Amino acid sequence: MAGFECLPGFRDFYPEACAQRNFLFRVWTLAARRFGFQEYDIPTLEPLELLTEKSGPEIVEQLFHFTDKGGREVALRPELTPSLARMVGSQANSLKRPIKWFNIAENFRYEKPQKGRLRSHYQFNADVFGEPGEGADCEIIALCVETLLATGLGAKDFRLRLSDRSLWIDFLAALGHEGEAALGILGVIDKMERLPQEAVLEKLEPWFGDAREDFLAQVKTLVSIRELEGLKRFFGSIVSNAALRERLDARLESWERLLNDLDALGVSPWIHIDLGIVRGLAYYTGYVFEVFAIDGGGNYVGRALAGGGRYDHLVGRLGFPEMPAVGFGMGDVMLGQLLLERGKMPPLIDAPDCFLVVGGPAERSIALKAAQTLRAAGYRVEYPLKPVGFGKQFKLAGQSGARLALIFGEEERAAGTAKLRNLQSGEEQSVAMEQLLDAVAEA
RNA sequence: GUGGUAGUAGCUCAGUUGGUUAGAGCACUGGUUUGUGGUACCAGGGGCCGGGGGUUCAAGUCCCCUCUAUCACCCCA
C-alpha cells in the first residue's frame, strides 16, 4: 500500500484489463464502420467557455479545470458534444450529408466516484448530422443495438427503451404547458421512476395545483404503454386544437416508419416503447432512448449502458448554423462490468505462436536468428531471456500458451535442424533450418 | 457536495476479552531438473496492519481526525 496510488476515480490498466478495454474499442470501431460511420477526434483539453456554453456555469464544479500559462481558462473535456458541434458547425456548409461520425475517447468529470461512474471513462459516441427525418434516428438506434450485440450480449441481456420528447412536448402543450414549464415538468417525469409518489406530486404542484393527481394518473397510463397502437389511442383521445392534432398525427406516422425500419434491420426484439425515458438534458428535441441491462426476470439493473437522442438545435445554440443531429454515447465502465458479470468477456490471452527452447550458449545465436526470421514473417515469438534448463523451458512453453515449441539443442545444431513440437498434440518433427518458415506455416 | 459501511501480502481472507517476532490459501521467484509440459514436493521474496494523532505498561485490535473504496442521495458522460 506504500508509495503512490491512482488519483481517485482513475484506473491503471494492467495487461488483462487493457486487453478487455481494447476489446470494447475494437467492437465499437468495427460496428461503427459496418454502419458507414467515419472516425474523427478532438482535443482532450478545451476552452472552459466552450463547455459552459452548452451546460451553463454550474458544470464548472464538475470539471477538471485550471488556468494555463497563457492565462486561458481550460478544462479536460467532460464529453465531446460541444467540440463535435464546433467541428461540424465550422464546416457545416461543405460537409457532405448525412454526416455520420464516431469517436472513442476518454472523458473526465470531477465528481465523487461510484461504481460504474468514475472520474475518467472511455466513451463511444456516434452521431448523424444533417438529416432531420427518422431515418437518422433509426440508424443511430440500430447501431447502438448492433454494437451491444457485437460484444456478445444477447436477447436477454439488455433492452433499449425508446421514447420521444416531441410527443411529450405536444402532450404538455395540449394541457397548456409550454417552454420552461414543459421542461420543468419533464425534469420531474425523468425522476419519477426513482421517487416516491408523494414527492412526485409535490414537485408537480406548481404547475398543476389540485389537478396534479389527475395529471400523474395520465402520465402513468402513458409510460405504461408498450405498443404503437396504444400510443395512437392515447394521443387520439387528447383534446387539442387543429394545429396540434396535425403535429401529433404526423409524429405518430413518423413512429410507425421508424418502428418498421427498425424491424427490417432486425433490432426490434430489443426495442421497447417506454415514454418513461425523457433524459435529463434539456437539449434533446425528439426521439430519446436509454439502454439498460436486464436480469433474468426482465427487470432493469444498474445504470444505463448507453443513451442518446435527437438534439436538433444544439449546434445552432452554440453559435453555428442550425444543423439537425441525433446520436448516442456508450461508456466502457458499465459495459465492461456487465460483460464480466455475464461471462461474456472473451478470453484475451496474448499467447505467442512459437516458444523457442534454447539448449546452451552455442545454440543461442541459432535460435535468435530463427526468432528474427519468424518475427519478420509476422509470427509472435518468445524465448527465455536468460539460460534456463530444458525441463523448465518446456514448462514455460506450456504456460505461455504457445501453439508450437521450437527446440534448438546440441543434437539439432549438429544436424543443422530444429525440432518442432506441437504443444497440443505432442507431435514432433525435425526440420532443416532453411525449411523452418514453411514448417511453422504448415504446423 | 451530504450520509451509512469498510480498509491486514499482488488477490481472497484469518488474527481470541488489547498481550511475545502478524498468519493461511492462491499468485510470484528459485530448486528438485543441462533433452520434453500447466502436476507434485521443497525453499524463498514480499506487510509503515491505508495515513496521522490519542488512550494504555502494551494497539492490527479501543477513541478522534484524515485518505481511499463502496452503498444510498445530489447529479449525470
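# A friendly chat about a predicted model with RNA strand B

Colleague: Which residues come nearest to RNA strand B?
Modeller: There are 42 residues around RNA strand B. Elements that give two or more residues to this surface are β6 (120-129), α14 (390-400), α15 (410-415) and β15 (417-422). The residues that come nearest are K115, F390, G398, G409 and L423.

Colleague: Which element gives the largest share of the surface near RNA strand B?
Modeller: Look for a contribution of seven residues. That largest share comes from α14.

Colleague: What span should helix α10 have, and how far apart are its end C-alpha atoms?
Modeller: Helix α10 covers residues 242-264, which is 23 residues. At 1.5 Å a residue, they should span 33 Å. The distance between the end C-alpha atoms agrees, at 33 Å.

Colleague: What covers the buried residues of α10?
Modeller: Buried residues in α10 include L248, L258 and L262. The cover for the buried residues of α10 includes β8 (271-273), α9 (228-236), α5 (165-174) and α4 (134-150).

Colleague: How do α9 and α10 run, roughly parallel or roughly antiparallel?
Modeller: Two packed helices are described by the angle between their axes and the distance between the axes. Here the axes of α9 and α10 come within 11 Å and cross at roughly 180°. Angles over 145 degrees count as roughly antiparallel, so α9 is to α10 roughly antiparallel.

Colleague: How many residues in the contact of α9 with α10 are nonpolar?
Modeller: From α9 come L228, L231, K232 and F235, which meet L248, L252, W255, E256 and L259 in α10. In this contact two residues are charged and no residues are polar, while the nonpolar ones number seven.

Colleague: Why is α4 called largely enclosed by the rest of the structure?
Modeller: Helix α4 has 17 residues and reaches 24 Å from first C-alpha to last, close to the 24 Å expected. It is largely enclosed because, of its 17 residues, the number buried is 13.

Colleague: Which residues with a positive phi follow α4 and α10?
Modeller: Most residues other than glycine have a negative phi, and most peptide bonds are trans. After α4 the phi is positive, near 110°, and the residue is G152. After α10 the phi is positive, near 85°, and the residue is G266.

Colleague: Which residues does a cis peptide bond join?
Modeller: Look in the loop between α3 (81-90) and β5 (99-108), which holds P98. With omega about 0°, the cis peptide bond joins R97 and P98.

Colleague: Is L172 buried or exposed?
Modeller: L172 is found in helix α5. Leaving aside neighbours within four places in sequence, it is in contact with H177, A182 and I185. A residue needs 20 or more C-beta neighbours within 10 Å to be buried; L172 has 21 of them, so it counts as buried.

Colleague: Is G319 buried or exposed?
Modeller: G319 lies in the loop between α11 (314-317) and β11 (325-331). G319 has 10 of them, so it counts as exposed.

Notes
Residues are numbered from 1 along each chain as its sequence is written. Chains are lettered from A and ligands numbered from 1 in the order in which they are written. This is a predicted model: local features need pLDDT of at least 70, side-chain atom pairs count only at pLDDT 80 or more; totals for chains, interfaces and linings use all residues. Helices (H or I, at least four residues) and strands (E, at least two) are DSSP runs, numbered from the N terminus. The expected span of a helix is 1.5 Å times one less than its number of residues. A residue is buried if 20 or more other C-beta atoms lie within 10 Å of its own, exposed if 12 or fewer, and partly exposed in between; C-beta atoms are placed from the backbone. Two residues are in contact if their C-beta atoms, placed from the backbone, lie within 7 Å. A residue is near a molecule or strand if its C-beta atom, placed from the backbone, lies within 6 Å of it. Axes are lines fitted to C-alpha atoms, for helices over the stretch in contact, and angles run from 0 to 180 degrees between N-to-C directions. Angles under 35 degrees count as roughly parallel, over 145 as roughly antiparallel, 65 to 115 as roughly perpendicular and the rest as oblique. Ala, Val, Leu, Ile, Met, Phe, Trp, Tyr, Cys and Pro count as nonpolar, Asp, Glu, Lys and Arg as charged, and the others, Gly among them, as polar.
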